Amino acid sequence: FRRVLFRSECFPVTIRGPIKKQKEMNYLDTITLLKECFTDLEPSGTFVRGRRPDASLVSIDADWPLVASLPFRETKDYAKGNIQRQIVMFFLKSDSTNNTSEQRDVIINEMNELQDSFINKLNEKLRTLTSSYYGKATIQGSVLATPEQMILAGAASGYGIQFTLLSKIPC
């Protein structure tokens, strides 16, 4: 047991008891977090991870929408205590060459709304999780979002997003 004194703007607080060491957010934690955010929004959808061709192997009979999380790049800055993960994801819905441009625009718009809800859910979960478990983790900077038309061999349309997930390396 250690005695630690934390000062706030209002008054000092003394906490007695063991101090929990915070955990580094690892690969599995990151994938699980992304999947949970998606399934919270779309419990009947399909979440896949891997390279873009892996997503194209998903059966056309899969439950849509489909979210494909591509392998991310990870940069560790030990001097600043940061881990940056470059996340790329696609939010897709079944499309067909028989669809008109207007029908495709509706699909793309629906997936734009889903990716926006996903980012909001991710921010919400990061605020909840990081306060007690991972230290501070956030989406760093902007989210780049791009409409995608007739990808995965023309079977799907939707939205692609790219963002940086920043977390801390525990001391």
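Residues are numbered from 1 along each chain as its sequence is written. In this predicted model, local features require a pLDDT of at least 70 and side-chain atom pairs a pLDDT of 80 or more, whereas totals for chains, interfaces and linings use all residues, and side-chain values rest on heavy atoms, with hydrogens and water left out.

The chain contains three helices and eight strands, where helices (H or I, at least four residues) and strands (E, at least two) are DSSP runs numbered from the N terminus. Along the sequence these elements follow the pattern β-β-α-β-α-β-β-β-α-β-β. Of the 171 residues in the chain, 40% are buried, a term that denotes under 20% relative accessible area, with exposed meaning over 50% and partly exposed in between (1.4 Å probe, protein chains only). Among contacts (heavy atoms within 4.5 Å) between residues at least 6 apart in sequence, 59% join residues at least 24 apart.

The N-terminal end of H1 is capped by Asn26, a side-chain oxygen of which lies 3.1 Å from the backbone nitrogen of Leu28. The backbone oxygen of Asn26 is in turn reached by the side chain of Thr30 at 2.9 Å. Polar contacts are pairs of N or O atoms within 3.5 Å; within protein, one atom must be able to donate a hydrogen and the other to accept it, and residues adjacent in sequence count only if both atoms are side-chain atoms. Thr30 is located in H1 and counts as buried because its relative accessibility is 0%. Leaving out residues up to four places away in sequence, Thr30 touches Met25, Phe72, Arg85, Ile87 and Leu165. Met25 itself lies in the loop between strand E2 (12-17) and H1, is buried at 1% relative accessibility, and has its C-alpha atom 8.1 Å from that of Ile169, 144 residues away along the chain.

The buried residues of H1 also include Leu34 and Phe38. Leu34 is one of the residues that touch the most other members of the largest nonpolar core, which holds 25 residues; such a core is a set of buried Ala, Val, Leu, Ile, Met, Phe, Trp, Tyr and Cys residues joined through side-chain atoms within 4.5 Å. At least two residues of this core come from each of H1 (27-41), E6 (82-94), H3 (101-134), E7 (137-151) and E8 (156-168), and H3 supplies the largest share, seven residues. A second, separate core has nine residues, among them Val48, Leu70, Leu92 and Ala156.

Three aromatic pairs are present in the structure. In one of them, the ring centres of Phe38 and Phe47 are 6.4 Å apart and the planes stand at 35 degrees, so the pair is tilted; rings of Phe, Tyr and Trp (its six-membered ring) pair if their centres lie within 6.5 Å, with planes under 30 degrees apart counted as stacked, over 60 as edge-to-face and the rest as tilted. Phe38 is buried at 1% relative accessibility, and Phe47 is buried at 11%.

Strand E5 (residues 73-77) pairs with E6 in the antiparallel sense over five bridges, pairing being defined by at least two DSSP bridges between strands. Lys76 stands opposite Ile83 in E6. Four residues separate the strands of this hairpin, in which Gly81 adopts a positive phi near 75 degrees.
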